[in-house]
Each structure stands twice: as structure tokens, then as C-alpha cells.
Amino acid sequence: KEYRKDLEEGMKGKGMTVFEDTPDLIRVKNAAQILNERQYKKDLETEIKGKGMDVGPDTPEIRRAKKASEIASMKEYKKDLENEIKGKGMEVGTDTLDIQRAKKASEIVSQKEYKKDLKTEIIGKGMQVGPYTPEIQRVKRASEIASQKMYKDEAEKMLCNYSAVPDTPEMERIRSTQKNISSV
């Protein structure tokens with residue numbers, strides 16, 4: 001700062017202009033910046049890491065930055081895919097015939113493997129598989145009981161919201177008519 005102040009005072013009085021972007025000044029600024037970065041890193045290692053603070057790849061900020069980088073990379077990949085492959089007339093999608101055929105083959109293989117495992121692991125060991133096994137019947141019965149209980153609970157809640165209608169003369173006449181018809 002003092003050197004700059006002396007430079008400005010000495011040059012301004014003599015009518016000279018100061019060019020700050022000369023190659024020598026740019027080189028000096030870059031060297032000073034590199035020196036400051038080295039000093040910063042040295043301070044980081046001695047002051048922060050030496051005192052047990054966590055400055056590693058598992059900090060939330062670093063994980064967030066890595067995730068953002070991965071997302072940007074995926075976006076670039078998709079953009080390149082669209083430009084390089086789709087733009088040249090090639091089909092890349094889930095509804096192409098080859099992909100549909102591969103999915104169907106995968107499903108068939110999966111079903112065959114499941115049936116094979118069913119035969120060897122369950123039926124082959126003497127276990128019953130069907131809707132009439134005691135365990136399945138017990139589960140169904142428990143489900144029905146739970147369903148009935150829920151229905152009854154709901155009905156009780158609904159009854160609290162309604163009140164009984166007092167008997168009107170018409171209601172009494174209808175009841176007596178029903179009794180007469182019933183007795184006949």
C-alpha cells in the first residue's frame with residue numbers, strides 16, 4: 001500500500017499515467033494470489049484440521065457439491081445423447097421393438113425362475129401351497145373379523161351423530177297395520 005501511494009504521488013505530479021494492466025503487474029498479481037492461496041491452505045491445515053474439525057469428503061457441503069456435479073454430468077450426458085444419437089435419426093426409447101422384446105423375455109425368465117423356486121423350495125419340502133392351507137384360512141378369518149370390527153366401530157360413531165325420530169301417528173298406524181297383516 002505504501003509503495004502504491006508513493007508511486008501515485010511521485011507519478012501524478014510529473015504528468016505520467018499509471019497502467020495497471022501491464023504484463024509485469026499482471027504477473028505480480030498472479031504470483032501474489034498464488035502465494036495467498038498457499039498461505040490459506042497452510043493455515044487451513046494447521047488451524048482447522050489440526051484442531052479436529054471435519055474437513056473431508058464426508059462433510060454435507062462436499063456431498064452436496066458432489067451431488068450437484070453428478071446431476072450436471074447426467075444432464076450433459078442426456079444432452080449429448082439427444083444431440084449425438086437421436087439427432088442422427090437413431091431411436092433410443094422404451095418403445096422400440098428390441099427393448100420391448102428384451103423386457104418380455106426378462107419377464108418370462110423371471111416367471112420361470114419363480115415357478116422353479118416355488119417347486120423346489122416350497123412344494124418340494126412338503127409344504128402346501130393353495131387357498132385352503134390352515135395358515136391362509138386363519139389369515140382370511142382374522143381379516144374378516146378385523147373388517148367387521150371396523151364396520152361396527154364406524155356404525156357406532158355414526159349413531160352418535162344421529163338422534164331417534166319420535167313416533168308420529170302415521171308411524172304408529174303403519175306398525176299396527178304390519179302387526180295385523182302378520183297375525184293374519
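**Salt bridges along the helices**

Reply: Start with the whole chain. This is a predicted model, and buried residues make up 3% of its 184 residues. The protein exposes about 17800 Å². Carbon and sulfur atoms supply 57% of that area. There are six helices and zero strands. Read along the sequence, the pattern is α-α-α-α-α-α.

Now the salt bridges. Side chains of opposite charge can pair when their charged atoms come close. Here a salt bridge needs a side-chain nitrogen of Lys or Arg within 4 Å of a carboxyl oxygen of Asp or Glu. By that rule, the count is three salt bridges.

Take helix H2 to begin with, which covers residues 23–48. Its pair is Arg27 and Asp24, whose side chains meet with N to O at 3.9 Å. That distance is within the 4 Å cut-off, so the pair counts as a salt bridge. The two residues are three apart in H2, which means about one helical turn separates them. How open are they? Exposed means over 50% relative accessible area. Arg27 has 54%, so Arg27 is exposed. Asp24 has 51%, so Asp24 is exposed too.

Move on to helix H5, residues 134–161. One of its pairs is Arg141 and Glu144, with the closest N and O atoms 3.6 Å apart. These residues lie three apart in H5, about one turn of the helix. Arg141 is partly exposed, at 47% relative accessible area. Glu144 is partly exposed as well, at 43%.

Stay in H5 for Lys149 and Asp153. Their side chains form a salt bridge at 3.4 Å, N to O. Lys149 and Asp153 are four residues apart, again about one turn of the helix. Lys149 has 52% relative accessibility, so Lys149 counts as exposed. Asp153 has 30%, so Asp153 is partly exposed.

Finish at helix H6, residues 169–183. What span should its 15 residues have? At 1.5 Å a residue, they should span 21 Å. The end C-alpha atoms are 21 Å apart, which agrees. And is H6 buried or in the open? The number of buried residues among its 15 is zero, so H6 lies largely in the open.

Notes:
Residues are numbered from 1 along each chain as its sequence is written. This is a predicted model: local features need pLDDT of at least 70, side-chain atom pairs count only at pLDDT 80 or more; totals for chains, interfaces and linings use all residues. Side-chain values use heavy atoms; hydrogens and water are left out. Buried means under 20% relative accessible area, exposed over 50%, partly exposed in between (1.4 Å probe, protein chains only). Accessible areas come from the Shrake-Rupley method with a 1.4 Å probe; for residues, only the protein chains shown count as cover. The expected span of a helix is 1.5 Å times one less than its number of residues.
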